[in-house]
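Take a look at the model below. Follow the text through it one step at a time.

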Amino acid sequence: MVTRMDAKIYDTTVEVTWCAGCGDFAILKALKLALADLEIAPHQVLLVSGIGCGSKLPDYMNANGYMTIHGRPLAVATGAKLANPELHVIVVNGDGDSYGIGGNHFVHTCRRNPNITQIVENNQIYGLTKGQYSPTSDAGFITTTSPDGAIEAAFNPAAIALAAGATFIARSFSGDPKHMAGVIAQGVRHRGYALIDVLQPCVTFNRVNTYAWYRERVYHLEEEEGYEPSDRTAAWHKAQEWGERIPVGVIYQVEGVPTYEDQVKALEGGSPVSRLLELARAPALEQYESLKEQFV
Amino acid sequence: MEYREFITQVRERGKLASFEEAEATTLSVMRALSEVICRERAVSMQPCLPVELCCILELCPPEVDPFIDMQTFIGWASADLDAVGMPDRTLGGLDLFAVDCADEAVRRCGLVFCVLKCCMDRSQQEALARELPEEVCDWFRAA
């Protein structure tokens, strides 16, 4: 009999300190649902985050967690995956941490294709530091650091990930937790680097990109007849869409591309963790053989 | 009940500063409701609600997301609440600070629910309550 895992297994008693109504709540819930749906146990998961409101998420989940310095979770996650490829390594960080401070790591993770999943809590603003414009803020967005409106064009995560060679690129909206849980599950199942950019309102500092703003614009790619995520050209066009209509769902996916860890020669004899475990087991095996000779 | 009377009642019950504030509150809470009720429920509520509010309920998606909980509901319902305080001068900067508006958001949901219940009979209230996320259902029943 197959027993479905209950998402409650990921619950903790830690008090959540996000603002009431924050889109991060739905992301937390969707991640728990996705992992439970995939029947992945908490000890098999490593959540890696950076600094920011969303990066507090590992504290709120019963799983292995690692809060790194600002912008560096992808580097740490890649290292963790190389050390122990058995782990499901999931990076959870905000748009500033991922695309701003960690922008360099983002581009190079896309081209390296480690078998990790990244969920970006993209609220188009720096929330924890009280409302400065972020890499994904739209041009003209007024904040304390852009009193005349943001000058730069917004960073386009999907287009940049596609150009840099990412093998799974998806987007979801925190107002649709069921859809988001499905997309996260697809990302975790994908063998290679999976980017899931989640559009989420910051209910305190971003009063432009609200739940209603997103609801008026998002549409599901799954419902678009003929859309094939393996079509790179079609994905490129979808990645450019922003403004009046915003596509959510799997924008691009290509399978069968070797992962970074597949190609590291030093791992051919096993991962560092598996070798350590072997070493730890060896004396026990010798002891066992010796005892067997004595008593059997 | 007429639209203007509905908003006035929300304003009076909540001692809100203006008609416009009460109206914004009502529209936000109704928009939140539209995310968690099915189309059939929205249609069944039409005879007892002002047409302006029915239009908002009609925005409900074709399929209700069963995982929308009280936090997402509050996110929709508090869209009009000012959640930013004065510049934080303790550090000499111009940074704003966040104001915890959870209690106020829940109170305002209660205000709108209270007037909404006045427009509905008991069976309609029960049918609506059954479709609400758990905690939101509690606020509705308590209103």
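Helix H2 (73–83), helix H3 (95–101) and helix H5 (157–164) of chain A are among the elements that cover the buried residues of H4(A). Helices (H or I, at least four residues) and strands (E, at least two) are DSSP runs, numbered from the N terminus. A residue is buried if 20 or more other C-beta atoms lie within 10 Å of its own, exposed if 12 or fewer, and partly exposed in between; these C-beta atoms are placed from the backbone. This is a predicted model, in which local features need pLDDT of at least 70 and side-chain atom pairs count only at pLDDT 80 or more, while totals for chains, interfaces and linings use all residues. Residues are numbered from 1 along each chain as its sequence is written, and chains are lettered from A and ligands numbered from 1 in the order in which they are written.

Which residues of helix H4 (residues 103–112) of chain A are buried? They are His105(A), Phe106(A), Thr109(A), Cys110(A) and Arg112(A). These residues sit on the same side of H4(A), because they cover an arc of only 165 degrees around the axis. The arc is that of the directions from the helix axis to the C-beta atoms. Just after H4(A) comes Asn113(A), with a positive phi of about 60 degrees.

Now turn to the core. In soluble globular proteins, nonpolar side chains tend to be buried together. The largest nonpolar core here has 109 residues. Such a core is a set of buried Ala, Val, Leu, Ile, Met, Phe, Trp, Tyr and Cys residues joined through C-beta atoms within 7 Å. Ile169(A) and Ile184(A) have the most contacts inside this core. Helix H1 (residues 24–37) of chain A gives the most to this core, with ten residues. Two residues are in contact if their C-beta atoms, placed from the backbone, lie within 7 Å. Leave aside the neighbours of Ile169(A) within four places in sequence, and its contacts are Ala158(A), Ala161(A), Leu162(A), Leu195(A), Ile251(A) and Tyr252(A).

Glu224(A) lies between strand E9 (218–220) and helix H8 (232–240) of chain A. Glu224(A) counts as partly exposed because it has 13 C-beta neighbours inside 10 Å. Glu224(A) is 205 residues from Cys19(A) in sequence, and their C-alpha atoms are 35 Å apart.

Next, the domains of chain A. An automatic or database domain assignment sets the bounds. Domain 1 covers 7–263 and domain 2 covers 266–296. Their centres, taken over C-alpha atoms, are 40 Å apart. Five residues of domain 1 are in contact with four residues of domain 2.

Chain B has eight helices and zero strands. Its C-alpha trace spans about 55 × 35 × 25 Å along its principal axes. Buried residues make up 36% of its 143 residues.

Finally, see where the chains meet.
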